[in-house]
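Please keep the structure in view while reading.

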Amino acid sequence: MPHRAQAILNAIPAAVLRYDRDGRIRYANETAARRLRCPVAELEGKPLAEVTPPSDVRDLHVRQVERVFDTAAPVEYESRALLPEEAATWVRIHLAPEFDTDGRVESGLSVSTDLTNLKEGEEQLRLSEER
């Protein structure tokens, strides 16, 4: 990846991952590495299942990645994320297909934005309105 593109992807606060058809991570930015508590070099080539604890959330994400490959259409969803050695967080995940020169889905991109502060604020507002 060109240096400038790498610098841009490492500067954004969203976790960015690229998956191949086998569900293996082929790219991870620094935010993804921090959230998964694993160095970038160790993430690349590993299946997501090896770097996240077993959970319904992980299974949902794997199914959504497969859906992108099967349908060639983007997917967006919100979910609680269970990350290694961390309290559950809320995330919005955008998954999008990447196409080869023949128009076939070659890889999938995942951009995950942390929504925890927003969800906690919504909950506090809801609780204050109930009083």
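## Cavities and pocket

Searching the whole structure turns up 2 cavities of 30 Å³ or more. The model is a predicted one, in which local features need pLDDT of at least 70 and side-chain atom pairs count only at pLDDT 80 or more, while totals for chains, interfaces and linings use all residues. Residues are numbered from 1 along each chain as its sequence is written, and side-chain values use heavy atoms, with hydrogens and water left out.

On a 1 Å grid over the protein atoms alone, a cavity is a set of points where a 1.4 Å probe fits but cannot get out; a pocket is an open set with protein on both sides within 12 Å along at least five of seven lines; lining residues have an atom within 4 Å of a point. Grid points are joined across faces, edges and corners, and a volume is the space filled by probe spheres set on the points.

The second largest cavity has a volume of about 30 Å³. Its lining consists of Y19, V65, V68, F69, L95, A96, G108 and L109. Two or more of these residues come from each of α5, β4 and β5, and α5 gives the largest share, 3 residues. Helices (H or I, at least four residues) and strands (E, at least two) are DSSP runs, numbered from the N terminus.

The largest pocket has a volume of about 150 Å³. Of the 13 residues lining this pocket, D22, G23, V62, V65 and E66 are the closest to its centre. The elements that give two or more residues to this lining are α4 (48-51) and α5 (56-71). Here too the largest share comes from α5, with 5 residues.

The table sets out both linings by class. Ala, Val, Leu, Ile, Met, Phe, Trp, Tyr, Cys and Pro count as nonpolar, Asp, Glu, Lys and Arg as charged, and the others, Gly among them, as polar.

| Space | Nonpolar | Polar | Charged |
|---|---|---|---|
| Second largest cavity | 7 residues | 1 residue | no residues |

## The sheet

The chain has 6 helices and 5 strands. From the N terminus on, these elements run α-β-β-α-α-α-α-β-β-β-α.

An open sheet of 5 strands has the order β2-β1-β5-β4-β3, with antiparallel pairing. Because β2 (25-28) and β3 stand at the edges with a single partner strand each, one side of each is left without a neighbour in the sheet. Neighbouring strands are turned by 25 degrees against each other on average, direction ignored; axes are lines fitted to C-alpha atoms.

Two strands pair if DSSP finds at least two bridges between them. Strand β3 (residues 75-81) pairs with β4 (residues 89-99) over 7 bridges in the antiparallel sense, and E76 has H94 of β4 as its bridge partner. Strand β4 also runs antiparallel to β5 (residues 105-114), joined by 9 bridges; R92 stands opposite T113 in β5. The hairpin of β4 and β5 has 5 residues between the strands, and G103 takes a positive phi near 85 degrees there.

Strand β1 (residues 15-19) and β5 pair in the antiparallel sense over 5 bridges, with G108 in β5 as the bridge partner of Y19. Both Y19 and G108 also line the second largest cavity.

## The whole chain

The C-alpha atoms fill a box of roughly 60 × 30 × 30 Å, taken along the principal axes. Of the 131 residues, 36% count as buried, meaning under 20% relative accessible area (1.4 Å probe, protein chains only).

How values were computed
Axes are lines fitted to C-alpha atoms, for helices over the stretch in contact, and angles run from 0 to 180 degrees between N-to-C directions. Buried means under 20% relative accessible area, exposed over 50%, partly exposed in between (1.4 Å probe, protein chains only).
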